[in-house]
There are 2 protein chains.
Amino acid sequence: MAERNMPAALRFMLAARRCDLQGLEELVHTCKLVSNIAQLVHALQKERGYSNIYLGRNATHYRTELDQFSEEGDALERIVRNGFELMDLDAVGSAERGRLYIRIAHVFYSMESLGSLRRRIRDHQISARDATAAFTQLIGGLLAVVFEAADSAADPEITRSLVALFNFMQGKELAGQERATGVAGFAHGYFDDEHKQRMQSLIDNQERSFEVFLRYASDDAKARWQVICTNEVQAQTEGFRKIAANTHPAASVDTGLCEFWFEMQTQRINAMQALEQYLTQQLQEQCKNSIREIRDEVSSHRRLLGQLAEQHLPLEQARLFNVQDGDITPQPQDVMPTQVSRSILDLLQLQTRQLQQANDELTEARASLNERKLIDRAKHLLMSESGLSENEAHAKMQRSAMDGGVRMVDVAQRLIAAAERVKNGARTARA
Amino acid sequence: MAERNMPAALRFMLAARRCDLQGLEELVHTCKLVSNIAQLVHALQKERGYSNIYLGRNATHYRTELDQFSEEGDALERIVRNGFELMDLDAVGSAERGRLYIRIAHVFYSMESLGSLRRRIRDHQISARDATAAFTQLIGGLLAVVFEAADSAADPEITRSLVALFNFMQGKELAGQERATGVAGFAHGYFDDEHKQRMQSLIDNQERSFEVFLRYASDDAKARWQVICTNEVQAQTEGFRKIAANTHPAASVDTGLCEFWFEMQTQRINAMQALEQYLTQQLQEQCKNSIREIRDEVSSHRRLLGQLAEQHLPLEQARLFNVQDGDITPQPQDVMPTQVSRSILDLLQLQTRQLQQANDELTEARASLNERKLIDRAKHLLMSESGLSENEAHAKMQRSAMDGGVRMVDVAQRLIAAAERVKNGARTARA
């Protein structure tokens, strides 16, 4: 039976299934994008690292590698850019879509200054610190795109994988920042208090990111992570972290440790990238499987509904007749063919239960994203209230959490609740 | 400048704004639907009430009114049905859209048996209890559509209004169920324990629904609600509730109170409907204003971005040249025209902040919907675990909340957390 001739209940059931399919098709494209973004981020991390040591140590022997990484980054940037360009901006969009577009606009904006950044690095017209900050900003923008992708996916399993990947990328990016901070400290011979604090906070946040990653990762991915965590580079890293923490103006170390640290951290980050690639491959596999499954489901659903519709026809005609007649008087027989009606109800209830379950699983998978949003929101509240910088606000919340023996998200929730009370108080006072 | 020639960052910013506009346009249609649903629900509530007394009291003098209400209901049903039919099921849909479609499929399914229900009522071939249950189910389905509409709206202010309206409709529906339960009790001469418990739970849940309504309602709507809460009918209602609670087999009342109660409750519900209509009118006004505002915003945004794009052109060309050339070597001058670049960044940051704020407000407005979802989820967990019926599960959770001096949602959260622990334990045991 053609779809437009089906009874309305069946048409809406079919349309609901089609929404799932369309959401998944869009998600396949997004996941492909995310994989490319992961590669671009890695290239930019490398370029940031080499720029950093090139500028900080005036290590001209790194120039060849730097040029090579810039070229790699440029090629990957073009791929990501093309992926963005392929998005159909004229298609009907949802609010989530809008959020994604804004994140992408940020990325495009940051990418525009890459060329001039690269020139300034080669001309030594920018400090290591500022160059690092510029790369970090672009990487942050790319991670924000991955965050939105995870937050707007409507398939629970894929959401779990995206959440795992996002947190892994986040942890890896913090490891990259630790590399940069370490390079600056060792190049200087010792770490001052601010530097030490920054190192410690990067280490703590890495741990937290990888914890969340482990909560959502597949058993395979977890096993691979365990291997990375117990290798020699990790042991060396911990040794160097202790050395860094024990330096001070009167106890400086050989600045040659700087390059040693850099190479070691580069090894560490490259090992992470191998796992990251595994994660993005898994993600793409999952997308392919899910879309095959749901396509099969939609077509068997369509067949089933078509069969039901054929049997259901007399009822629908009777119903139409009734409505057109405005006839509500008794008729000799009950027109509802009970068996068909029951099958429809069963299907309807099944579809509702599946939807419910998918929603519950989604809520669970998105929990860590929501915690992050709460923390960001509280941070911005603190910034606007007390004029703190983003880093200061973050540090303040972190101290409160440590002092109170609670999680960051609990501190965030309290801050937001307090702000709400003030706002509502003001509202009541105005009324 | 034509949009496709704009720099990518600007195109994505514009597309994000367009998503807002499209979301709002869809929302206007949904709000219109919700208004029609509110009217249909009211008609069905009347029809349920009159069917109930017609069957329960064998009060044939209510037949004329009953027929009139059935006709009214039929006409409003056609309007709602047409509204559903106007939805473009082939348009690209989101997961929220899918949820809405399933709810609508349920409504279509329930509406199909209305004709036969009406015949059976007139033939006295159905008990008052079963007829009430059938109407209640359809009304529940319609309320679920309003719930999804509230949950999928992306405009914070309109979400607040939809949440207020949904909770008001919910409270009014519980008042309708209280009317029916009261009719059954008074017609019987007294209320047994089950009936008394049911009355009390309907009263408690009404209060909670109206509390949430008040949290989200405009000051105007609140003032109108205060008038309803302090009028004579409300005082009489409370008197009758006390009488009902004091009846027992050895202390029955004149069954004539039944019709008195019915008329009184009908007055009470009609007063609620007047406020409900005010709420739906406010909602439509809001939609009109919002859409006008955002249309203006989109077109001024487009103008502004167009101007920026014109000034930005040299950069974009330079950038394209760079990319095509793969050229990353230094150039004599920095190509970024700083002023234009800053304006773009300012706009981008403004749009991000607005989006952030809208998201925060949405989260706040949806809080009560999420609580409801949590309660429903915990209820279903209880049902599948201990084989309880929906009412039993609800009653059990309510008792736990009362005994523990906590809110229903806290009980729900504990139940869900316990179930998660069991599930995760099982997962670990399997691994």
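Are Arg241(B) and Glu178(B) buried or exposed? Select the two and have a look: Arg241(B) is buried, and Glu178(B) is too. Keep in mind that this is a predicted model. The side chains form a salt bridge, at 2.7 Å from N to O. Arg241(B) belongs to helix H9 (residues 232–246) of chain B and Glu178(B) to helix H6 (residues 156–188) of chain B, so the bridge ties together parts that are 63 residues apart in sequence.

Stay in chain B and pick Tyr278(B), in helix H10 (residues 257–325). With 13% relative accessibility, Tyr278(B) counts as buried. Leaving aside residues up to four places away in sequence, Tyr278(B) touches Asp220(B), Ala221(B) and Arg224(B).

Now hop to chain A and select Arg97(A) with Glu26(A), a salt bridge whose closest N and O atoms are 3.4 Å apart. Arg97(A) sits in helix H3 (residues 95–112) and Glu26(A) in helix H1 (residues 8–56), so this pair links parts 71 residues apart in sequence. Arg97(A) is buried at 12% relative accessibility, while Glu26(A), at 34%, is partly exposed.

Next, Asp74(A) and Arg78(A): another salt bridge, 3.6 Å between the closest N and O atoms. Both lie in helix H2 (residues 63–85) of chain A, 4 residues or about one turn apart. Asp74(A) is buried at 6%; Arg78(A) is partly exposed at 31%.

Last stop: select Arg99(A), Arg103(A), Glu148(A), Asp151(A) and Lys373(A), which are joined in a salt-bridge network.

Notes: Residues numbered from 1 in each chain as written. Chains lettered and ligands numbered in written order. Predicted model: local features only at pLDDT ≥ 70, side-chain atom pairs only at ≥ 80, totals over all residues. Heavy atoms only, no water. Helix = DSSP H or I, 4+ residues; strand = E, 2+ residues; numbered from the N terminus. Buried < 20%, exposed > 50% of the residue type's maximum accessible area, 1.4 Å probe, protein only. Contact = heavy atoms within 4.5 Å. Salt bridge = Lys/Arg side-chain N within 4 Å of Asp/Glu carboxyl O.
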